[in-house]
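Good morning, and thank you for making time on the agenda.

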Amino acid sequence: MTKIFKPAFAAAAVSLALFAQGATAAEEQFFPIIGYRVGPYGANGQSLFGGFIDYLSYVNLKEGGVNGVKMTWEECETEYNNAKGVECYERLKGKAKASAGPIHPLSTGISYALIEKASADKIPLAMVGYGRTDAVDGSVFPYAFPLVTTYQMQASAIVKFIKDKEKGNLAGKKVVFLYHDSAYGKEPILALEAESRLNKFDLVQIPVAHPGNEQGAQWLKIRQEKPDYVIFWGWGVMNQTAIKAAQKVGFPRDKMIGSWWAGSEEDTVSAGDAAKGYMSATFNVSGKAVPVVADIEKVVYGAGKGNLQDASKIGTILYNRGISMAILSVEAIRKAQEKYGKGKAMTGEQVRWGMENLNITEARLKQLGATNLLPEVKTTCDNHEGSGKVKIQQWDGSKWVAVSEWLEGNKGLIHPLFQASAKQYAKEKGITPRDCAKEK
Amino acid sequence: MNFFFEVLIGGLLSGVMYALVALGFVLIFKASGVFNFAQGAMVYLAALSVVGCMEHGAPLWLAIILAFIIMTLFGIATEKFVLRKLVNQPPITLFMATIGLAFFIEGLAPMVFGSEPRALEIGIVDEPIEAILESANMVISKFDLVASGVAAVLVTVLALFFQYTRVGRALRAVADDHQAALSIGIPLQHIWAIVWGVAGFVALVAGMMWGARNGVQFALTFTALKALPVLILGGFTSVPGAIVGGLIIGASEKLAEIYIPPVMQSAFGGNFGGIEGWFPYVLALLFLLVRPEGLFGEKHIDRV
């Protein structure tokens, strides 16, 4: 009997082990992707979400997922519309109960609409380079992450760049702030006013009505003001229009520095020769020289699983930005697994912890093949931004070229603004801030 | 004073660009009594067709011809599949149909030609004219001057077409009353196909001008927003009205953007800029109070 049962027992044990392995391999980490590929900003969404999804595919193909947990996702189209963004969130949140990667709505309006809902549902909301910036204060906003850098820190870093160009002295200089007349455009005003007081330069604010496809009056005013620099906060058609209008009034493009949402190929190629010399901030570089970008093209597109219809967009600013956002998300999942169990799918709550304890050093970026793609990021309970650094890049007529190292905004000047705003929000909403000292 | 004239001239030239879009609305309204909500989308489709053809290797002149053929076919298809069934329906039904048409174009055009913003080079650089800049220290754009010339030619041709050709007279008859026009033997289907084709041509001209100025992208559909106050002011049925309305709106919004915010700021504090978006509409509404049919619109008289 024993002889008969032994092989049977062994077979059963092997089957069980295989079953168990199968069960582990079946673990999946779900990403609710609330994005847009059509509508007024569809072109931007195509590149960015293409990069995001390609990196998730890359992790699956290259290393079989995060410790064996495969990345899965479902997209919902928002058309950059707040109401549709909320509708998409409600549709996908049920699927994000068992496991949830962070949501990246790529819209400040949708981020604002979701900030309280996501917190109540315990789904982390990532706002990389947009969204509610006082959420840097994680004691008040535990589930919201304006990762890498914020509009205010970006504005401050741009001032630092032009200050360096002016040999450290901006006193008596004139800077025009030309901005989209919306929450996005107005966000850096307080920071720029603080910088203007600190550095004693004259700040002239000029708003542009949405959508910004007509800026004749604004640029004639700029011509009259004769500024030394124009800091420019545009989006969509406003960007090309401004670059062309600058050419029309003869304002030098190399004295014009845009925000990171005014600094992609989509903004410059369509402006033609007028864009040559134009500068912008960025928190990720472009090009295929970054090893992970080249490897994605080889591995993911080689396997015929690329997300982009137009593969020529690989390596563009927005494509690489999508990869950067995905790296941050996957690293948060990896970090969460270190605490809550390797090889397991992580809940939204667990991923939130991972996002709050990111420590992406130069060494880690090198391991990921992402050296110089994005700056080092180290988040904590009281700093959901984690970096605050940007590079300045310049359009040479055919591609973006970095013209600075990573520049950090004036944290001592800017972060207190976030804390004051978050404190006010907590008071209005009756939120008791977490004690970040206890979270360490 | 120099600056005032610089803003004024810049505004007048911008107004011509608005008028180019407004002309398309006027054509269709004049010939069919339909307010074509899809005109902005047609501007986008036309410009996208030009760059789409150029990307497939066509030179600019051929791309323009191909885009014109696309717009003409589109006009014929619109008549056949959308409007033919709606003859003698109330204007609101036709208006609703054009809303559907707008969304259809906005979805279809980028699907066919791609949605990424693209440059359209038509050989005219948007730079100041050096001689004027040096002698009068004023920025007058070469591009805007060319656009004005194009608009002037277009208006002249269209005005002559409506006034002196058989088709033009038939178009006006159809606009007055579909049934009456049909009863005297005017082929309504042909007339509508022609007028949508001509509106497509106007959209092509507007799309090329706006596309060359700001890039060819989805935001071209927003140009319609600039045309609406022009129509209210100039009248929905007048080709010269579209031009005059465009000039008034362009000049007034630029002057308002420059001169009103500082006054408001000194009175109330804060920042009052960025009024260009709504100021033309307020101006148009004020005009409506005085002349409900617009400056050049036909006075509507109903007999009891």
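Let me begin with a definition: a residue is called buried if 20 or more other C-beta atoms lie within 10 Å of its own, exposed if 12 or fewer do, and partly exposed in between, with C-beta atoms placed from the backbone. A second convention concerns helices (H or I, at least four residues) and strands (E, at least two), which are DSSP runs numbered from the N terminus.

This is a predicted model, in which local features need pLDDT of at least 70 and side-chain atom pairs count only at pLDDT 80 or more, while totals for chains, interfaces and linings use all residues. Residues are numbered from 1 along each chain as its sequence is written, and chains are lettered from A and ligands numbered from 1 in the order in which they are written.

I turn to confidence. The pLDDT is the predictor's confidence in each residue, from 0 to 100. Chain A averages 92, with 94% of the residues scoring at least 70. Where pLDDT is low, the predicted coordinates should not be read in detail. Chain B averages 88, and 99% of the residues score at least 70. Within chain B, the mean is lowest in helix 8 (residues 178-183), at 81, and highest in helix 2 (residues 39-55), at 95. For the complex, the predictor gives an ipTM of 0.86 and a pTM of 0.88.

Next, the two chains. Chain A has 16 helices and 14 strands. Its radius of gyration is 23 Å, close to the 22 Å that the globule rule gives for 440 residues, so chain A is as compact as a globular protein of that length. That radius is taken over C-alpha atoms, and the rule is 2.2 Å times the number of residues to the power 0.38. Of the 440 residues in chain A, 56% are buried. Chain B, in turn, has 12 helices and zero strands. Buried residues account for 50% of chain B, and its C-alpha trace spans about 60 × 60 × 35 Å along the principal axes.

Chain A is divided into domain 1 (28-149 + 286-378) and domain 2 (152-282 + 393-409), with bounds that come from an automatic or database domain assignment. Their centres, taken over C-alpha atoms, are separated by 28 Å. Domain 1 brings 13 residues to the contact between them and domain 2 brings 16; here, two residues are in contact if their C-beta atoms, placed from the backbone, lie within 7 Å. On the domain 1 side, helix 2 (42-63) and helix 12 (317-340) of chain A each supply at least two residues.

Where does helix 13 of chain A sit, enclosed or open? Seven of its nine residues are buried, so helix 13 is largely enclosed by the rest of the structure. The buried residues of helix 13 pack against strand 4 (144-145) and helix 12 of chain A. One of the buried residues is Gly348(A), which has 24 C-beta neighbours inside 10 Å. Beyond four places in sequence, Gly348(A) is in contact with Ala96(A), Ala100(A), Lys122(A), Ile123(A) and Pro124(A). Gly348(A) also lies 7.5 Å from Lys97(A), C-alpha to C-alpha, although 251 residues separate the two in sequence.

Finally, the meeting of the chains. The contact takes 37 residues from chain B and 36 residues from chain A. On the chain B side, helix 1 (2-32), helix 4 (91-113), helix 9 (188-214) and helix 11 (239-268) each supply at least two residues. Helix 1 of chain B gives the largest share, six residues.

Which residues touch the most other members of the largest nonpolar core? They are Ala22(B), Ala47(B) and Val195(B), in a core of 224 residues. Such a core is a set of buried Ala, Val, Leu, Ile, Met, Phe, Trp, Tyr and Cys residues joined through C-beta atoms within 7 Å. Helix 9 of chain B gives the most to this core, with 19 residues. Both domains of chain A also give residues to this core, so it lies between them.
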